[in-house]
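Biologist: I am new to this structure and would like to know what stands behind the words used for it. Could you take me through them one by one?

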Amino acid sequence: MDYEQPQPESETETTPASETNSEQHHQPQTEGNSSTPVPKAENPWIETLKTIGLSAVLAFGIRSFVAEARYIPSGSMLPTLHIDDRLIIDKISYRFSNPVRGDIVVFNPTAQLEKEKFKDAFIKRVIGLPGDRIDVKDGKVYVNGKVLTEKYLDEAPAYDWSSTALTPDGIVPQGHYLVLGDNRNNSYDSHYWGFVPKDKIVGKATIRFWPIDRVGGIDPQPNYQ
């Protein structure tokens, strides 16, 4: 972050011309004297407070608009994410683009989840995009009638379900997403409570920074082709 450096003040800025002329008429010149006053040293406590204040503002700005840290409190995303994993959430990408299938997203509770008194953010994987129809049957997920290959799962879903349970035609509405947990049989996700509006999405999980032995990118973008 670049900071604007204060510009050195010139004599004309510190001493008005009228005062300089008056001094020249009424005071003898003394060799070695300067008409520029010596700046007072700022109180170190004030400098410290300014530094702390600036740091707090920058930290708040970064957390609010760029990225923030989150931890995983449950096993709904196993085996991809473990309990107590610490992640960096990218909060800026979705300001310029939309989530894509396979993204792991953090989102605030939807209207339905708020009715159920949920307050904390959720983390799931995007499976259904606007315009998609999703079906789960025979241990597989189908997107618009085609099987979705999911190599990141340890266990196939043990339930049958269709997005027709949410809308008459089963189509994910514009501006909404269908999300499922990687721990398919132990995840409270879209197949229980519905779609996620984009404006509820906080950001995309990108980097794991804890524990040390698992530091790095969470996983590459899945190849669903």
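Modeller: Gladly! This is a predicted model. Strand β5 (residues 134-137) and strand β6 (residues 140-143) pair in the antiparallel sense.

Biologist: How do you know that β5 and β6 pair?

Modeller: Two strands pair if there are at least two bridges between them, and β5 and β6 have 4 bridges. They therefore count as paired. Across them, I134 stands opposite V143 in β6.

Biologist: What makes β7 and β8 the edges of their sheet?

Modeller: The sheet is open, with 4 strands in the order β7-β6-β5-β8 and antiparallel pairing. β7 (146-148) and β8 (161-162) each have a single partner strand, so one side of each lacks a neighbour in the sheet.

Biologist: Which strands does β2 pair with?

Modeller: β2 (residues 86-90) pairs with β1 (residues 67-71) over 5 antiparallel bridges, and 5 bridges also join β2 to β11 (residues 201-210), again antiparallel. For example, L87 is the bridge partner of R70, while I89 has A205 in β11 as its partner.

Biologist: Now to the rings. Why is the pair of F107 and F122 called stacked?

Modeller: Planes under 30 degrees apart count as stacked. The planes of F107 and F122 stand at 25°, with the ring centres 5.7 Å apart, so the pair is stacked. The pair links distant parts of the chain, with F107 in strand β3 (residues 104-107) and F122 in strand β4 (residues 122-128), 15 residues apart. Both F107 and F122 are buried.

Biologist: And why is the pair of Y188 and Y192 called tilted?

Modeller: Stacked needs planes under 30 degrees apart and edge-to-face needs over 60. The planes of Y188 and Y192 are at 40°, with centres 5.1 Å apart, so this pair is tilted. Both tyrosines belong to a cluster that ring pairs build from F107, F118, F122, Y188, Y192 and W193.

Biologist: How do you know that the charged end of K137 sits over the ring of Y142?

Modeller: The distance has to be within 6 Å of the ring centre, along with a limit of 35 degrees from the ring normal. The charged end of K137 is 5.1 Å from the centre of the Y142 ring and sits over that ring. R125 likewise lies over the face of Y152, at 3.7 Å from the ring centre.

Biologist: What lines the largest pocket?

Modeller: The lining has 15 residues, and P73, D120, A121, F122 and I123 lie nearest the centre. Strand β4 gives the most, with 3 residues. By kind, the lining divides into 10 nonpolar, 2 polar and 3 charged residues. The space in this pocket is about 430 Å³.

Key. Residues are numbered from 1 along each chain as its sequence is written. This is a predicted model: local features need pLDDT of at least 70, side-chain atom pairs count only at pLDDT 80 or more; totals for chains, interfaces and linings use all residues. Side-chain values use heavy atoms; hydrogens and water are left out. Helices (H or I, at least four residues) and strands (E, at least two) are DSSP runs, numbered from the N terminus. Rings of Phe, Tyr and Trp (its six-membered ring) pair if their centres lie within 6.5 Å; planes under 30 degrees apart count as stacked, over 60 as edge-to-face and the rest as tilted. Buried means under 20% relative accessible area, exposed over 50%, partly exposed in between (1.4 Å probe, protein chains only). On a 1 Å grid over the protein atoms alone, a cavity is a set of points where a 1.4 Å probe fits but cannot get out, and a pocket is an open set with protein on both sides within 12 Å along at least five of seven lines; lining residues have an atom within 4 Å of a point. Grid points are joined across faces, edges and corners, and a volume is the space filled by probe spheres set on the points. Ala, Val, Leu, Ile, Met, Phe, Trp, Tyr, Cys and Pro count as nonpolar, Asp, Glu, Lys and Arg as charged, and the others, Gly among them, as polar.
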